[in-house]
Amino acid sequence: RDLDYPDFDNPSDFISLSSDNEYAIYNGNVKILALKPDLLKKVIDGQVRIISVKKFMHNIEEIERPYEMVKRTHWQGKPFFNGALARVNINKDLLNEEALRLLETTEIELPTCNTFYNVLAQAIEVIHCIEEIRNLLRELRKINFLETKNSEFKVKAGKGVGAVEAPRGTLYHYYKVGADGYIKDCNIITPTAQFLAKLEDDLKVFLPDTLEMSDSERRREIKMMIRAFDPCISCATH
């Protein structure tokens, strides 16, 4: 929180899972927070839209170019941001007390479009998750696993989608299974595949701010922005 964050602003859509009663990790719908600048170039609240995971995944635009090893995505024709900063922008009121206390000690005014704050948002989520793990372990100690029984199931054909919030952002899965139990079709949209276009867009906006810097300082600032996104290019090759 005491780090010197560059002054940066590039409004866009922020997208994550969202739930009414918890800081969404496994459950919830997709919430889209559209932020836009006013005449003074300050970020103001924009339109909020909530849709199902199934509808979002089937309407996301996946871009695959023959000369690239990774794919990227657009939502309604433009890049978007997912990950810790998107989750904190959207779900901050559902952070637990320890995480909220840390957030309140920062100078962040939410919602924010400063990509560099994604690192701080990740740190806030680490505190949130540690506290949630402690609470879950307390409940697990009350369970007698010797009394649990294995459930029987029957394989049948079907298809479905699912989503989970991973550290880098929302991870989407689609599977189609045959009556024989084998997977017939599968699609995975990783966090990096989603924010890669946004990373490139942010760099285009940020580069003019580095023109007066020395070469070494410019490289340092550019690397800072890339690290803020925390990309995993091997993940984006699905």
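**Pocket, helix packing and backbone**

Me: How many nonpolar, polar and charged residues are in the lining of the largest pocket?

Reply: Ala, Val, Leu, Ile, Met, Phe, Trp, Tyr, Cys and Pro count as nonpolar, Asp, Glu, Lys and Arg as charged, and the others, Gly among them, as polar. Sorted that way, the lining of the largest pocket has eleven nonpolar, three polar and five charged residues.

Me: What kind of model is this?

Reply: Residues are numbered from 1 along each chain as its sequence is written, and side-chain values use heavy atoms, with hydrogens and water left out. Local features need pLDDT of at least 70, side-chain atom pairs count only at pLDDT 80 or more, and totals for chains, interfaces and linings use all residues: this is a predicted model.

Me: Which residues lie nearest the centre of the largest pocket?

Reply: On a 1 Å grid over the protein atoms alone, a pocket is an open set of points where a 1.4 Å probe fits, with protein on both sides within 12 Å along at least five of seven lines; lining residues have an atom within 4 Å of a point. The lining here counts 19 residues. Nearest the centre are Ile25, Tyr26, His128, Cys129 and Glu132.

Me: Which element gives the most to that lining?

Reply: Helices (H or I, at least four residues) and strands (E, at least two) are DSSP runs, numbered from the N terminus. Strand 9 (158-166) and helix 4 (118-140) each supply at least two lining residues. With eight residues, the most comes from helix 4.

Me: How are helix 3 and helix 4 oriented to each other?

Reply: Axes are lines fitted to C-alpha atoms, for helices over the stretch in contact (heavy atoms within 4.5 Å), and angles run from 0 to 180 degrees between N-to-C directions. The axes of helix 3 (97-104) and helix 4 come within 7 Å and cross at roughly 160°. Angles under 35 degrees count as roughly parallel, over 145 as roughly antiparallel, 65 to 115 as roughly perpendicular and the rest as oblique. Helix 3 and helix 4 are therefore roughly antiparallel.

Me: Which residues of helix 4 meet helix 3?

Reply: Helix 3 brings Glu98, Ala99, Leu102 and Leu103. On the helix 4 side they meet Ala123, Ile124, Ile127, His128 and Glu131.

Me: How is helix 2 oriented to helix 4?

Reply: Helix 2 (residues 84-91) packs against helix 4 with axes 8 Å apart, at an angle of about 70°. That makes the pair roughly perpendicular.

Me: Which residues of helix 4 make the contact with helix 2?

Reply: Helix 2 contributes Ala84, Leu85, Arg87 and Val88. Helix 4 contributes Asn118, Ala121, Gln122 and Glu125.

Me: How are helix 5 and helix 6 oriented to each other?

Reply: Helix 5 (residues 191-206) and helix 6 (residues 215-229) have axes 10 Å apart and pack at an angle of about 155°. They are therefore roughly antiparallel.

Me: Where is the cis peptide bond?

Reply: Most peptide bonds are trans. Here one has omega near 0°. Its proline sits in the loop between helix 3 and helix 4. The bond runs from Leu110 to Pro111.

Me: What is the phi of Gln76?

Reply: Gln76 lies in the loop between strand 7 (72-74) and strand 8 (80-81). Although Gln76 is not a glycine, its phi is positive, at about 55°.
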